[in-house]
Amino acid sequence: MMDAKVKDIIVAKTKELMEAPTCSAETREAACRWLESAGTSSEKSETENYIRELEGDIMPVDQLIAFAGSEAGKKYFGPDTAAGIEAHGREIKASGGKYCDCPACLKVSEILEYKDELLK
């Protein structure tokens, strides 16, 4: 069973993730289901679903660079913004970062640091 203090931290980070402007609808829904499942018979399965969603949603920096530098990225963000995101992604990678550092990805990485505790 997860330590109450750790659970409070994860709940707070989950709420911050849900408020992040870059949080996907799917991740927001998984987070909401996880929060609502606390203390119920579905908590274990919702925790596993939540972790899968978090791991699937966090953007590896190489993927960020590739998308921002692609025609689809330029169309999505606009050429100037895409170029800035691509350059920023290269900075993240050069400094040893593995993931995008948008508000949602930062929260996801913080939550995933507690993956083992979540799965207890």
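Mentor: Read along the sequence, the chain follows the pattern α-α-α-α-α-α-α-α, which comes to 8 helices and 0 strands. This is a predicted model, in which local features need pLDDT of at least 70 and side-chain atom pairs count only at pLDDT 80 or more, while totals for chains, interfaces and linings use all residues. Residues are numbered from 1 along each chain as its sequence is written, and side-chain values use heavy atoms, with hydrogens and water left out.

Trainee: What makes a stretch of the chain a helix or a strand here?
Mentor: Both are DSSP runs numbered from the N terminus, a helix being H or I over at least four residues and a strand being E over at least two.

Trainee: Why is Val6 called buried?
Mentor: Buried means under 20% relative accessible area, exposed means over 50%, and partly exposed lies in between (1.4 Å probe, protein chains only). Val6, which is found in helix α1, has a relative accessible area of 17%, so Val6 is buried. Of the 120 residues of the chain, 33% count as buried.

Trainee: Which residues does Val6 contact beyond its neighbours within four places in sequence?
Mentor: Contact means heavy atoms within 4.5 Å, and with those neighbours left aside Val6 is in contact with Tyr114 and Glu117. Val6 and Glu117 are 111 residues apart in sequence, and their C-alpha atoms are 7.7 Å apart in space.

Trainee: How do you know that the buried residues of α7 line one face of the helix?
Mentor: In helix α7 (residues 103–112), the buried residues are Ala104, Cys105, Lys107, Val108, Ile111 and Leu112. Seen down the axis of α7, these buried residues fall within an arc of 160°, so they line one face of the helix; the arc is that of the directions from the helix axis to the C-beta atoms. An α-helix has 3.6 residues a turn, so residues three or four places apart point the same way. The buried residues of α7 pack against α1 (4–19), α3 (43–57) and α8 (115–118).

Trainee: Why is the pair Glu43 and Lys7 called a salt bridge?
Mentor: The term requires a side-chain nitrogen of Lys or Arg within 4 Å of a carboxyl oxygen of Asp or Glu, and the closest N and O atoms of Glu43 and Lys7 are 2.6 Å apart, so the pair meets the rule. Glu43 lies in helix α3 and Lys7 in helix α1, so the pair ties together parts that are 36 residues apart in sequence. By this rule the count comes to 10 salt bridges, and Lys13, Glu16, Lys107 and Glu110 are linked in a network of them.

Trainee: What about Asp62 and Lys93, and what makes each of them partly exposed?
Mentor: Their side chains meet in a salt bridge (2.6 Å, N to O). Asp62 lies in helix α4 (residues 61–69) and Lys93 in helix α6 (residues 79–94), so this pair ties together parts that are 31 residues apart in sequence. Asp62 has a relative accessible area of 44% and is therefore partly exposed, and Lys93, at 44%, counts as partly exposed too.
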